[in-house]
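Biologist: Before we discuss the terms, may I see the sequence and the structure?

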Amino acid sequence: MIEFKDVSKTYQAKEGPVKAITDVNLTIPDGKIYGIVGYSGAGKSTLIRMLNGLETPTTGKVTVNGQNVSELSGQRLREERLQIGMIFQHFDLLWSRTVLENVEFPLEIAKKGNKKERQKKAEELVKLVGLQGRENAYPSELSGGQKQRVGIARALANDPKILLSDEATSALDPQTTDEVLELLLDINHRLGITIVVITHEMHVIRKICDHVAVLDAGRIVEEGPVLDVFKHPQQAITKRFVNQETSTGSAQDTKTVVQQLLASHPDGVIVKLTFHGDQAKLPIVSEMLRQFPEVDMSIIEGNIHQTTEGSIGSLYIQLEAEQGQQKQIQGALDYLNTMRVETEVINSEQQ
Amino acid sequence: MNNNSFASFFQFSNVNWPKMWEATWETIWMTVVSMILVAILGLILGLILFETRKRTSIWARIINWIVAALVNVFRSIPFIILIVLLLPATQAMVGTIIGPRAALPSLIISAAPFYARLVQIAFDDLDHGVIEAAKAMGATNWQIVTKVLIPESKPALVSGLTVTAISLIGYTAMAGAIGAGGLGNLAYLDGFQANNNAITMMATIIIVIIVFVFQFIGDYTVKRIDKR
Ligand SMILES: Nc1ncnc2c1ncn2[C@@H]1O[C@H](COP(=O)(O)OP(=O)(O)OP(=O)(O)O)[C@@H](O)[C@H]1O
Ligand SMILES: [Mg+2]
């Protein structure tokens with residue numbers, strides 16, 4: 001288990017003190033994939049680097065595997081670090097070593113086994129990350145995704161209990177990102193190790209994380225199971241992150257269309273429906289139209305996404321009814337609510 | 001035979017070959033031995049400069065200041081003056097002030113600071129991320145030096161050593177002029193002072209060849225070890 005207790009960190013920069021982390025309290029359960037999302041400069045790297053003592057908190061306590069990391073130093077700290085693997089945005093491989101030698105590196109540092117045993121272990125890990133056949137390649141001969149696989153194999157070399165990932169997919173294209181994320185998920189399932197993922201992309205959180213914390217200007221502003229946070233984002237910044245992911249890259253288009261429809265059909269109602277889990281597969285909307293035949297519906301935009309805990313979909317629709325039949329619209333909305341579909345009526349002020 | 005015509009430079013029949021080869025050997029010996037010692041000393045000094053520069057402890061600062069001062073001072077003293085300055089020290093250390101061995105102290109003291117700077121630059125140029133990664137894996141400082149800093153900057157260290165070796169060859173010639181032996185000595189005494197131009201010419205040709213060979217070996221090694 002990992003625990004941050006009242007952790008704050010202030011850097012003494014030339015321009016004066018910089019408060020990077022403020023009063024962070026977090027508990028990360030064993031065996032889970034825990035995501036921390038935030039914009040650039042939010043303090044994500046500072047936070048994750050406290051877990052292996054690359055940074056020390058100014059105040060507060062960081063506990064990893066029952067150890068207060070900030071109190072460790074010298075040999076004790078180095079021993080603790082062997083239990084914590086880390087992967088990096090720019091891979092940070094040793095370019096003078098081959099793939100296999102890079103994976104052997106942490107074993108040499110831990111002075112584990114002899115050359116032969118180290119090599120055997122490294123070969124297993126190279127296979128685990130799907131790089132068999134490239135053992136003798138140099139990092140410069142690998143693609144970004146392959147380099148990160150080497151990074152992952154290297155991070156796992158000393159059988160750590162925890163894997164830290166600082167923007168590990170940020171330098172990769174979307175396709176490769178997904179492959180690397182799949183690998184992390186697979187490793188979490190197979191080896192049961194706790195993974196702490198730092199990212200600025202909600203996509204990463206949705207794909208692999210069980211829990212998420214939102215970091216804004218050094219503070220945790222929201223925290224919870226990923227599906228909950230996707231369903232009910234509380235803070236404005238979380239909504240922005242969730243939208244970044246759930247709207248299909250055409251958020252701006254949707255906004256424009258909604259504006260126009262609101263202007264041209266002042267009597268119509270525009271509603272955002274949110275479905276989760278199995279609801280996404282049920283014919284709820286057509287049932288609604290059957291029950292309220294006076295209501296006209298047009299679809300503006302819709303999409304569906306997969307998370308580790310199930311799917312989540314959203315649909316923007318416009319509902320209209322003849323003069324005098326306005327009550328029907330309310331009835332339709334009530335029906336949706338009874339089907340546990342979340343509805344959010346969008347009016348022009350919100351835009 | 002002692003004229004100054006252009007042709008006199010090519011009357012190689014005037015060359016005493018056994019003496020020429022002996023001088024060549026002395027030049028190579030001085031260069032290689034001082035190069036090895038310069039490599040070791042420069043690596044240590046460069047490492048000290050690199051390691052102490054970013055630290056804030058008072059000791060690190062003092063050491064950094066002293067080493068940086070020494071490096072800068074010895075780097076700025078012209079070589080010919082350094083030899084003269086070091087005559088007493090050379091006498092004390094080597095027991096003589098003539099011959100190839102006597103050239104070593106001044107060769108090393110002038111080239112080591114130069115190489116130390118190149119070493120420091122090579123370490124500075126390394127991606128800081130790799131060092132951090134090693135630290136995150138639990139590496140000791142010594143492991144970082146031997147497994148990260150030196151192997152990862154090897155091409156820069158070797159090309160820096162090549163540059164240093166070539167200036168060392170130049171220095172040996174200068175040292176030769178005041179009695180250290182080698183091709184510089186031969187060209188000066190038997191060539192210039194005895195007015196035997198062919199010897200001067202031949203010594204020059206051999207020095208150029210030695211420089212080329214060093215450059216070639218350096219470039220080839222860098223190319224082979226550079227896996228970036
Ligand atoms: N060594 C340092 N000295 C001074 N200020 C620092 C230092 N490291 C980080 N900071 C400051 O602390 C804040 C948080 O930095 P941090 O690197 O943790 O952000 P981040 O969320 O990881 O950003 P990014 O996504 O860009 O990597 C920033 O304002 C940064 O300028
Ligand atoms: Mg960062």
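Modeller: What follows is a conversation about how the terms apply to this structure. This is a predicted model, in which local features need pLDDT of at least 70, side-chain atom pairs count only at pLDDT 80 or more, and totals for chains, interfaces and linings use all residues. Residues are numbered from 1 along each chain as its sequence is written, chains are lettered from A and ligands numbered from 1 in the order in which they are written, and side-chain values use heavy atoms, with hydrogens and water left out.

Biologist: Which strands form the open sheet of chain A, and in what order?

Modeller: The order is β12-β13-β11-β14 (chain A), with antiparallel pairing. Strands are DSSP runs of E with at least two residues, helices are runs of H or I with at least four, and both are numbered from the N terminus.

Biologist: Why is one side of β12 and of β14 of chain A left without a neighbour in the sheet?

Modeller: β12 (296-307) and β14 (342-346) of chain A stand at the edges and each has a single partner strand, so one side of each lacks a neighbour in the sheet. From one strand to the next, the twist averages 15 degrees.

Biologist: Which residue of chain A forms a salt bridge with Glu132(B), and how do you know that the term applies?

Modeller: A salt bridge is a side-chain nitrogen of Lys or Arg within 4 Å of a carboxyl oxygen of Asp or Glu. The closest N and O atoms of Glu132(B) and Arg49(A) are 2.5 Å apart, so the pair qualifies. Across the interface of chain B and chain A, the rule finds 2 salt bridges.

Biologist: Which helices of chain B each supply at least two residues to the side that touches chain A?

Modeller: They are α6 (128-136) and α7 (141-152) of chain B. α6(B) gives the most, with 7 residues.

Biologist: How many residues of chain B are in contact with chain A?

Modeller: Contact means heavy atoms within 4.5 Å. By that rule, 22 residues of chain B are in contact with 23 residues of chain A.

Biologist: What pattern does chain B follow along the sequence?

Modeller: The pattern is α-α-α-α-α-α-α-α-α-α, as chain B has 10 helices and 0 strands.

Definitions and conventions:
Pairing = 2+ DSSP bridges. Axes fitted to C-alpha atoms, helices over the stretch in contact; angles between N-to-C directions.
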